[in-house]
Amino acid sequence: MTEPAPLPDRAARLLDDTGAPPRLRAHLRLVHDVARALVSWTAEHHPAAGVDAEAVLFGAATHDIGKTLHPAELSGPGAAHEEAGYALLRSRGVEERLARFARTHADWDAPGTGLDDLLVSLADKVWKAKRVPDLEDRVVDRLAAASGRERWEVFMELDDLLDRIAAGADERLAFQNAHPVHP
């Protein structure tokens with residue numbers, strides 16, 4: 001596996017300021033890297049979808065920042081980090097269009113959930129080869145509607161992309177697990 005791309009400067013500074021532990025930083029880099037692939041593919045194959053690449057990439061890079069406030073969720077289940085992360089980002093001056101992903105990455109059924117939110121959610125799942133049909137169907141529906149292409153065709157193309165991404169999951173998991181949960 002090639003080293004994942006660095007996080008956007010603003011996201012990296014926020015993680016520095018909040019004392020994000022190494023495992024969380026590694027996870028965010030990996031999800032950001034997968035989001036880069038999804039954004040690039042979408043821009044190439046579905047330009048009419050109008051994805052806000054900056055927002056998706058920032059969202060992928062910070063979606064779990066609330067785990068700095070709820071460290072038990074670094075290695076266990078929980079959703080307290082979602083609202084806490086959103087509030088943390090907003091308190092640090094991050095605008096709504098970028099901060100919202102901390103809240104929306106685990107709830108793609110919420111009213112107003114857009115394609116950008118779905119792409120962050122998808123990146124947060126497929127980086128470790130977790131396939132979520134309901135989530136993927138929502139992405140397919142949005143892309144087919146935006147492009148005017150047949151749903152089955154969009155499904156096949158996205159499925160191929162997600163299979164390619166999922167194939168690197170073992171290496172990504174090894175990269176993440178090489179970083180300690182706590183500093």
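Is glutamate 153 buried, partly exposed or exposed, and what is its relative accessibility? Glutamate 153 is partly exposed, at 28% relative accessibility; buried means under 20% relative accessible area, exposed means over 50%, and partly exposed lies in between (1.4 Å probe, protein chains only).

These legends describe a predicted model, in which local features need pLDDT of at least 70 and side-chain atom pairs count only at pLDDT 80 or more, while totals for chains, interfaces and linings use all residues. Residues are numbered from 1 along each chain as its sequence is written, and side-chain values use heavy atoms, with hydrogens and water left out.

**View 1. Aspartate 33 and arginine 36 form a salt bridge.** A salt bridge is a side-chain nitrogen of Lys or Arg within 4 Å of a carboxyl oxygen of Asp or Glu. Here the closest N and O atoms are 3.1 Å apart. Both residues belong to helix H2 (residues 22-45), where a spacing of 3 residues separates them by about one helical turn; helices are DSSP runs of H or I with at least four residues, numbered from the N terminus. Aspartate 33 is partly exposed at 23% relative accessibility, and arginine 36 is likewise partly exposed at 38%.

**View 2. Arginine 149 forms a salt bridge with glutamate 153 and another with glutamate 157.** The N to O distance is 3.1 Å for glutamate 153 and 2.5 Å for glutamate 157. Arginine 149 is partly exposed, with a relative accessible area of 23%. Glutamate 157 is also partly exposed, at 25%.

**View 3. Salt bridges that share partners join Arg131, Glu136, Asp159 and Asp163 into one network.** Across the whole structure, the search finds 20 salt bridges.

Key: Helices (H or I, at least four residues) and strands (E, at least two) are DSSP runs, numbered from the N terminus.
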